[in-house]
Amino acid sequence: MDKPQTLTVDAALRAHDVDGKELQPWPHPVNGEDLLDELVALIEAHVALPNDAAVAVAIWIVHTWLPGAKFHTPRLTLLSPIRGCGKSTLLDLVGLLVAHPESTSNISTAAFFRGISQRPQTLLIDEADRFLTDKEDLIGAVNAGFAQNGAITRCVGDHHQPHRFRCFAPVALAAIGNLPTTIEDRSIVISLQKRPIGQALKRLRRDQPYSFNDRRRQIASWANDNFDWVKSHDPSIPTEIANDRAKDCARPLLAIADAVGGRWCGIGRRALTDLYARREGLVEEDLALMLLRDVRGIFDEMQTDKISSETIVCKLLQLSDAPWSESHRGKPISKHQLAKLLKPFGIKSKSLRHGATTSKGYDREDFEEAFQAYLPPPP
């Protein structure tokens, strides 16, 4: 066998071992279909995931080896309702396969953008719900790194000269509950649950990171061979993925699926479509409960039992700490969306009389049963 050569395309940026040494490429051509099939099987052997979620994770792992091939790098957000659902295991497994893994359970804003600006890395943040939620600067930095031109400007040196720090880098986050909507909007969101009783999973040996070296070499070699094709390819986006930011997240992954070709063109699209459909259902459920809370606050604030739909929408849009200005696929909530979110509770609009005129609106007594069933008592 010939002596292996180091990767020729941007080797310093895309090809390093887990300890920082230059990674030697796989000595034979790598079949993309086989590679992704094996990654999916590896992920599903260690973590219980929703249908097709492992497909999205596998493609996301490959995308970390193609920095700059596309303008956006979607965040990989792993969410679970409680502990013990496998999110940390999945994050650790992802860390053993991505390019330049950098793991942390806490990070400052300065460490985030200075680290990325100094060296290539895929940042893996566990327990993000414990420290990220209230840090607006760090949230802004994570969001800025979603796009190639993302940067943070800070004054540095004795003369306090403004300096732009590059933030563009793949980021994976694991959290219990939810993360800020601005981060989730820029993410491929994987919602994990407790594994079914009786489902056997392999234990991830975190003390044996080199057991994944061959797989990493294969990914690096495939990325090296297909970088230019992925960069130039503009994939078609399924019509079900309608939000512009969701399209930005899907485009890098679908370009990889198309580069692999064959049945993966369809597999990749089906996986992302299913994930977004499932996520939209969960988001609407969360929004409905949030809407009940905010509508109750509006009734209390106005000290009235009847409010028009138009007034409720206007009041919702005035709530600066709520998502109503972009809750409907990035657009403000409308009277139609208001009615749609209230419909599962059996709450419907009715004609309200105001002197000689009438308008569509809501009566508080129609909300009382839902308030008592779904909301804690008001403070």
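**Entry 1**

I started with helix α12 (residues 309-317), which lies across β8 and β10 and runs at about 80 degrees to β8. For my own reference, helices (H or I, at least four residues) and strands (E, at least two) are DSSP runs, numbered from the N terminus. The axes are lines fitted to C-alpha atoms, for helices over the stretch in contact, and angles run from 0 to 180 degrees between N-to-C directions.

I noted that this is a predicted model, in which local features need pLDDT of at least 70 and side-chain atom pairs count only at pLDDT 80 or more, while totals for chains, interfaces and linings use all residues. Residues are numbered from 1 along each chain as its sequence is written, and side-chain values use heavy atoms, with hydrogens and water left out.

**Entry 2: the sheet under that helix**

Which order do the strands of this sheet follow? I found 3 strands in an open sheet, ordered β8-β10-β9, with antiparallel pairing. Two strands pair if DSSP finds at least two bridges between them. On average, neighbouring strands here are turned by 60 degrees against each other, direction ignored.

I then looked at one pairing in detail. β8 and strand β10 (residues 357-363) pair in the antiparallel sense over 3 bridges. Ile 307 has Tyr 362 of β10 as its bridge partner.

**Entry 3: the whole chain**

I stepped back for an overview. The chain's secondary structure comes to 14 helices and 10 strands. Of the 379 residues, 48% are buried; buried means under 20% relative accessible area, exposed over 50%, and partly exposed in between (1.4 Å probe, protein chains only).

Next came contacts, meaning heavy atoms within 4.5 Å. Among those between residues at least 6 apart in sequence, 72% join residues at least 24 apart.

**Entry 4: two crossing helices**

Two packed helices are described by the angle between their axes and the distance between the axes. For α9 and α10, the axes come within 10 Å and cross at roughly 110 degrees. The two helices are therefore roughly perpendicular to each other, the word used for 65 to 115 degrees (under 35 is roughly parallel, over 145 roughly antiparallel, the rest oblique). On the α9 side, I listed Trp 222, Trp 229 and Val 230 as making the contact. On the α10 side, the residues are Ala 255, Ile 256, Asp 258, Ala 259 and Val 260.

**Entry 5: salt bridges**

Side chains of opposite charge can pair when their charged atoms come close. A salt bridge is a side-chain nitrogen of Lys or Arg within 4 Å of a carboxyl oxygen of Asp or Glu. How many salt bridges does the structure hold? I found 17 of them, and I picked out a few.

Arg 263 forms a salt bridge with Glu 33, with the closest N and O atoms 3.8 Å apart. This pair links distant parts of the chain, 230 residues apart: Arg 263 sits in the loop between α10 (244-260) and α11 (264-302), and Glu 33 in helix α2 (residues 32-46). Arg 263 is partly exposed at 45% relative accessibility, and Glu 33 is partly exposed at 25%. I also saw that Glu 33, Asp 37 and Arg 263 are linked in a network of salt bridges.

Asp 234 forms a salt bridge with Arg 251, the closest N and O atoms being 3.6 Å apart. Asp 234 is in the loop between α9 (213-232) and α10, while Arg 251 is in helix α10, 17 residues apart. Asp 234 is exposed, at 59% relative accessible area, whereas Arg 251 is partly exposed at 24%.

In the salt bridge between Arg 364 and Glu 368, the closest N and O atoms are 2.8 Å apart. Is Arg 364 buried or exposed? I noted that Arg 364 is buried, at 16% relative accessible area, and that Glu 368 is partly exposed at 28%.

**Entry 6: two buried residues**

Val 98 lies in the loop between α4 (87-95) and β2 (101-104), and it is buried at 0% relative accessibility. Leaving aside neighbours within four places in sequence, Val 98 is in contact with Trp 60, Ile 61, Thr 64, Trp 65, Thr 122 and Arg 216. Arg 216 is 118 residues from Val 98 along the chain, yet their C-alpha atoms are separated by 7.4 Å.

I finished with Ala 370, in helix α14 (residues 368-374). Ala 370 is buried, with a relative accessible area of 6%. Beyond four places in sequence, Ala 370 is in contact with Leu 292, Phe 345, Ile 347 and Leu 375. Phe 345 and Ala 370 are 25 residues apart in sequence and 6.5 Å apart in space, C-alpha to C-alpha.
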